[in-house]
Amino acid sequence: MNFLMLFITAVGLSMDAFAVAMCKGLCMQRFRVRHSVLVGIYFGTFQAVMPLIGYFLGINFAERIQNVDHWIAFGLLAFLGLKMLYEALGKNEEDQNGDALDCKTMLALSLATSIDALAVGISFAVLQTEIFSAVAVIGITTFCLSAVGVKIGSAFGKRYKTGAEISGGIILIGIGIKILIEHLSA
């Protein structure tokens, strides 16, 4: 996977964290840079660690599924993208206390927004992606987008949350289709 595709994947994975970070910013009574950095550290760390875990889980059975690996990668990415679209377009808004940056709340949100990255890590194993470069790009991208998301949320409110989630879902589906087309045309 080249750097551009890796970066696009990182942006797609970061959209859930970005959307939650915007909600955090929206609910904060006053924007502070340290809050922005803290949210970025939580989300960036989880988004980097989860694909690493998925990669090592996936590497154990990647050789056994080589003939269908592109279908697995496509299926996982398409599923995650559709899930993001469904959640973005759904009518049930989560009841979050955006001002709460305590450890328990941030760990739960970080885990919830990074589950998708675990499945992408399995896809990385199947595609034989250089995992340490991948997790660095994903972690740094998520850190930056989440930190910026807090600022945007505090400045502009909820109106961008759905758009960010929709964009993330479309990006993941598009990458899955690209992988499928590359393997089927080879």
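**Reading helix contacts and burial in a predicted model**

Author: Gln128 is found in the loop between helix H4 (103–127) and H5, in a model that is predicted.

Reader: What makes Cys23 buried?

Author: Cys23, whose place is in helix H1, has a relative accessible area of 9%, and the cut-off for buried is under 20%, so Cys23 belongs in that class.

Reader: Which distance separates the C-alpha atoms of Cys23 and Gly149?

Author: Their C-alpha atoms are separated by 8.2 Å, although Cys23 and Gly149 are 126 residues apart along the chain.

Reader: How do you know whether H1 and H5 are roughly parallel or roughly antiparallel to each other?

Author: The axes of helix H1 (residues 3–27) and helix H5 (residues 131–156) come within 7 Å and cross at roughly 30 degrees. Angles under 35 degrees count as roughly parallel, whereas those over 145 count as roughly antiparallel, and therefore H1 and H5 are called roughly parallel to each other.

Reader: Is the crossing of H1 and H5 left-handed or right-handed, and which classes of residue make up the contact?

Author: The crossing of H1 and H5 is right-handed. Sorted by class, the contact of H1 with H5 has 18 nonpolar and nine polar residues, with no charged residues.

Notes. Residues numbered from 1 in each chain as written. Predicted model: local features only at pLDDT ≥ 70, side-chain atom pairs only at ≥ 80, totals over all residues. Heavy atoms only, no water. Axes fitted to C-alpha atoms, helices over the stretch in contact; angles between N-to-C directions. Helix = DSSP H or I, 4+ residues; strand = E, 2+ residues; numbered from the N terminus. Parallel < 35°, antiparallel > 145°, perpendicular 65-115°, else oblique. Left-handed = near helix turned anticlockwise from the far one by under 90°. Nonpolar A, V, L, I, M, F, W, Y, C, P; charged D, E, K, R; others polar. Buried < 20%, exposed > 50% of the residue type's maximum accessible area, 1.4 Å probe, protein only.
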